[in-house]
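Open the model in your viewer and keep the selection tool at hand. The stops below go from one selection to the next.

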Amino acid sequence: MVQVKDMDKRNESPNTDFILLGLFPGMKHVNFLVSAILLIYTVALTTNSILILLIWVDSHLHTPMYFLLSQLALMDMMLISSTVPKMATDFFSGRRNISRVACGTQIFFFLTLGIAESILITLMSYDRYVAICNPLRYALIMSQKVCLQMATISWVGGTLTSLAHTAYTMHFPICGSREISHFLCEVMAILKLACEDVSAYEKAVVTTTIMVLFIPLSFILSSYALIFLAVLRMNSPEGRNKALATCSSHLTVVILYFGPAMLVYMRPSSYHSPKLDEVLFMLGAILTPMMNPLIYSLRNKEVVCALKKVLGRCLTSN
């Protein structure tokens, strides 16, 4: 066994660069897909920036829910920026190589932001629970200090978990082909190239996924079960509709985020296929960051009113 490992180490490729095969290798007219992704990227950066600006300048949006939403918008901007610029650069330049350090960096940021969003979305469900089930104590429970602690827990939790997985993934020696059948560096894709037996670590990845996705999702569903029971007891139809509208936006974001992530990381490795993985990553890492601000703004009267106010000021000053 030791001899086999030594032989694998000797066979490790001297060239440390990986080759990203890009979006759906062999697909005809992939340039249209890349153009669509760049459009999505532009819309995502624009809408998330506008949402953060509105929350910052409008005093009516200085509430716990909107503070947490601004953190989600920031994470979305960084998440989509960790993949799309590199993918587009590779496509237009024809160069598909990525250094080992750059690959590890991309994995680190992608995991950090993905895990941080999972924690933040879970905490946002608690915010909704307190707002609807305990409205009289909402300001006391969801104080500025608590909101800052929630944001800190999300960022630090994502960073530490990502750091551990990135360091362990990148320590494996790579033998033979260094081609990654993906448009980004990703943990499971790197593990497929490793010389050593990674089955034990793959189980650790699944365990982390359960902690990061399944447990938060269970917490979210429990919170919403209590929220819906409280909504059913409301006498005011207007209050009931407002509560359901706010919760429906958050639930839509939950489905968009947790759906693709669970399908990617909670499937057995034997069921993974490069094309399906790319589709799921596109949904979770590219489409969702564009959809989140649209979901929260188009269906939210307070955000729409804030936008009209800012536009009115700009037109008046001009």
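A residue is called buried under 20% relative accessible area, exposed over 50% and partly exposed in between, with a 1.4 Å probe and protein chains only. The model is a predicted one, in which local features need pLDDT of at least 70 and side-chain atom pairs count only at pLDDT 80 or more, while totals for chains, interfaces and linings use all residues. Residues are numbered from 1 along each chain as its sequence is written, and side-chain values use heavy atoms, with hydrogens and water left out.

**Whole chain**

The C-alpha trace spans about 70 × 45 × 35 Å along its principal axes.

Colour by accessibility next: 46% of the 318 residues are buried. Contacts (heavy atoms within 4.5 Å) can be split by sequence separation. Of those with a separation of 6 or more, 79% come from residues 24 or more positions apart.

**Salt bridges**

Start with Lys-309 and Asp-58, whose side chains meet at 3.7 Å, N to O. Lys-309 lies in helix H12 (residues 301–317) and Asp-58 in the loop between helix H2 (30–57) and helix H3 (64–81), so the pair ties together parts that are 251 residues apart in sequence.

Move to helix H4 (residues 84–93), where Asp-90 and Lys-86 sit four residues apart, about one turn of the helix. Their side chains form a salt bridge at 3.0 Å, N to O. Asp-90 is buried, with a relative accessible area of 6%; Lys-86 is partly exposed, with 24%.

Then select Arg-128 and Asp-127, which meet in a salt bridge at 3.0 Å, N to O. Arg-128 is buried at 10% relative accessible area, and Asp-127 is buried at 1%.

**Two cysteines**

Select Cys-103 in helix H5 (residues 100–133). Its relative accessibility is 0%, so Cys-103 counts as buried. Which residues does Cys-103 contact, leaving aside its neighbours within four places in sequence? They are Phe-18, Ile-98, Met-170, Cys-185 and Ile-190. For a distance check, draw a line between the C-alpha atoms of Cys-103 and Ser-81: the separation is 15 Å, for residues 22 apart along the chain.

Finish at Cys-247 in helix H10 (residues 237–265). Cys-247 also counts as buried, at 1% relative accessibility. Beyond its neighbours within four places in sequence, Cys-247 is in contact with Ile-132, Tyr-224 and Ile-227. From Cys-247 to Ala-189, 58 residues away along the chain, the C-alpha atoms are separated by 36 Å.

Notes. Salt bridge = Lys/Arg side-chain N within 4 Å of Asp/Glu carboxyl O.
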